[in-house]
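Welcome! Take a moment to turn the model around on your screen, and then let us read through it together.

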Amino acid sequence: MNSKSPTRASEIAATFALFEIGSTSLFLIGGEVRQDAWLSMLIAGVAGLMLLLIHLTLHRIEPQLDLFQIIQRYTGKFIGGLISLGFIGYFTLEASRNLRDIAEVTILTLLPGTPLWSVILIIVLVVTNTVRYGPETLFLMCIVLFPVIVIGYFVILILLAATGLLQFHFMLPILEHGWTPVFKAAIPGILSFPFGQVVVFLVFYPMAATRRGMNKLILLTYCGISLFLILFNQINILVLGPVLATNSSLPLLQAVQLIQMSEVLERIDPLFTLILFLSLGVKLATFLNAAVIGISRVIGIKHKPSSALIGVSTYFLAFMSPTYTEFIKVGREIAVKYWWPIFQILLPVLLLIVMIIRKQRKKGIN
C-alpha cells in the first residue's frame, strides 16, 4: 500500500507517543510491588529501550520494507506467511482488548446500564471507518491530538499538586522486600505492557517521507513518554496509597475525582475521561491499521475490504472474556507474560539474527 501523501517523521513520533500513553493510565502498572512500582517501570522502560533499538535496527537494515515484507523476504513465502499471520492475529487481539477497555470505561463512566454489545459495535464502526482511509489519517489526527492530550494530563498533575493530594510518604519504604519482586514485576510483565507493544510501529516506519533523524526522534519520544508514564503511574500511589491504588479498578480516575477547588473546580474527571478515550482510540486504530496492512500484504485483499474483515474479527474477539474481571486477569496474568513476548521479543530477535546472517553470507559471496 503506497502512501497517499508524504508522512513526516514527526507525525509517526506523535502517533508513537499517544500509542504508548494509550490504556496505560487506565491501570496501576506494577501494583504487585506497591510503592516500588516506579522502580519496576523504570527497569522495564530501560529493557524496552533495548528492545526498541532492536526494532529500529531491523528498520535500518531494510528501511524500505515494513514488518510483513521483512519477514517474507528473510524467512520465505511459506514460513514468512505463517509468521505474518501470527503478527496479524497478535495485532487483532491487542485491538480487541483496547476495544473492550474503551467500551467498559464508557459504560462505567458515561452510559451505565447500556448493553456492552451496542457500545462495542458503535466504537468499532467509528474506528474502522477511520482505518479504511489508511494510516495517514491516523498520523494527521495524532498531530492535532498530541498537544491536547499532553496538556490535559499536565493540567491534571498541576491540580493534584495544588490541592495537596500528593502524599510522598506513600513511596516509603523503598525496596521493602528487596530487588527480586521488583525485577519479577518488570520482566516480562511491564516490559510487555506497555513498552513492548511498540513492535507494531515496524509496520509504519517505512512510511516516513524522510528518514533522516527519525530513529533519534523515536528514541527521544520513547524516553520522554516512558518518564511520563512512570510519573503518572506513581501518582496513583501518591494520591490513593499503595493498598487502595492496587485494589482500585480505575485508580487514576479515582484520584482525579478527589480534586476539589472551592468555587473554582468541583469535577475534573470529565477531562480525564475525554483524554483517556482519545488515547485508547489512537491505540485501537494503530493496531487495527497494522492488522489491515498485514492482511493486504499476506493475502492480497485490498485495504478497505481488509478493514471490514479485521473490524468484524475485532468485534467478536472483544467478547472472549465473559466479564471484565476475567478480561483483566487474562491480560495481566497470561497474555503479557506468555503470549505477547513471543511477538514483541522472541520473533524480532530471531528475525534480526537471520537478517545479519544472511547479510554476512551475501557479503562473503561477493
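The report below goes from the whole chain to a handful of single residues.

## How to read the model

This is a predicted model, in which local features need pLDDT of at least 70 and side-chain atom pairs count only at pLDDT 80 or more, while totals for chains, interfaces and linings use all residues. Residues are numbered from 1 along each chain as its sequence is written, and side-chain values use heavy atoms, with hydrogens and water left out.

## The whole chain

Which kinds of secondary structure does the chain hold? It has 13 helices and zero strands. Here helices (H or I, at least four residues) and strands (E, at least two) are DSSP runs, numbered from the N terminus.

The C-alpha trace spans about 70 × 45 × 40 Å along its principal axes. The radius of gyration is 21 Å, which agrees with the value near 21 Å for a compact globule with 366 residues. That radius is taken over C-alpha atoms, and the globule rule is 2.2 Å times the number of residues to the power 0.38.

How much of the chain is buried? Of the 366 residues, 53% count as buried. Buried means under 20% relative accessible area, exposed means over 50%, and partly exposed lies in between (1.4 Å probe, protein chains only). The accessible surface comes to about 16300 Å², and 68% of this belongs to carbon and sulfur atoms. Such areas come from the Shrake-Rupley method with a 1.4 Å probe, and for residues only the protein chains shown count as cover.

Contacts (heavy atoms within 4.5 Å) tell you which parts of the chain meet. Among the contacts with a separation of 6 or more, 84% are between residues 24 or more positions apart. As for charge, the chain has 26 positive and 16 negative charges, and their mean positions are 17 Å apart. Lys and Arg count as positive and Asp and Glu as negative, while His and the chain ends are not counted. The place of a charge is taken as NZ of Lys, CZ of Arg, CG of Asp or CD of Glu.

## Around glutamine 344

Now find serine 192, which lies in helix α7 (residues 180-192). Is serine 192 buried or exposed? With a relative accessible area of 1%, serine 192 is buried. The side chains of serine 192 and glutamine 344 are joined by a polar contact of 3.0 Å. A polar contact is a pair of N or O atoms within 3.5 Å; within protein, one must be able to donate a hydrogen and the other to accept it, and residues adjacent in sequence count only if both atoms are side-chain atoms. Not counting residues up to four places away in sequence, serine 192 touches Gln197, Val336, Trp340, Pro341 and Gln344.

Leucine 51, in helix α2, is buried too, at 6% relative accessibility. Leaving aside neighbours within four places in sequence, leucine 51 is in contact with Leu191, Gly196, Gln344 and Ile345. Leucine 51 and valine 349 are 298 residues apart in sequence, yet their C-alpha atoms are 8.7 Å apart in space.

## The loop between α6 and α7

Phenylalanine 170 sits in the loop between α6 (135-162) and α7 and is partly exposed, with a relative accessible area of 24%. Residues touched by phenylalanine 170, beyond those up to four places away in sequence, include Gln35, Ile237 and Pro242.

Most residues other than glycine have a negative phi, and most peptide bonds are trans.

## Other loops to visit

Another cis peptide bond joins phenylalanine 193 and proline 194, with omega about 15°. Proline 194 is in the loop between α7 and α8 (214-240). Arginine 34, in the loop between α1 (9-21) and α2 (37-61), has a positive phi near 50° and counts as partly exposed at 34% relative accessibility.

Finally, serine 321 is in the loop between α12 (303-317) and α13 (324-365). Serine 321 is buried, with a relative accessible area of 8%, and its contacts beyond four places in sequence are Arg100, Glu326, Phe327 and Val330.
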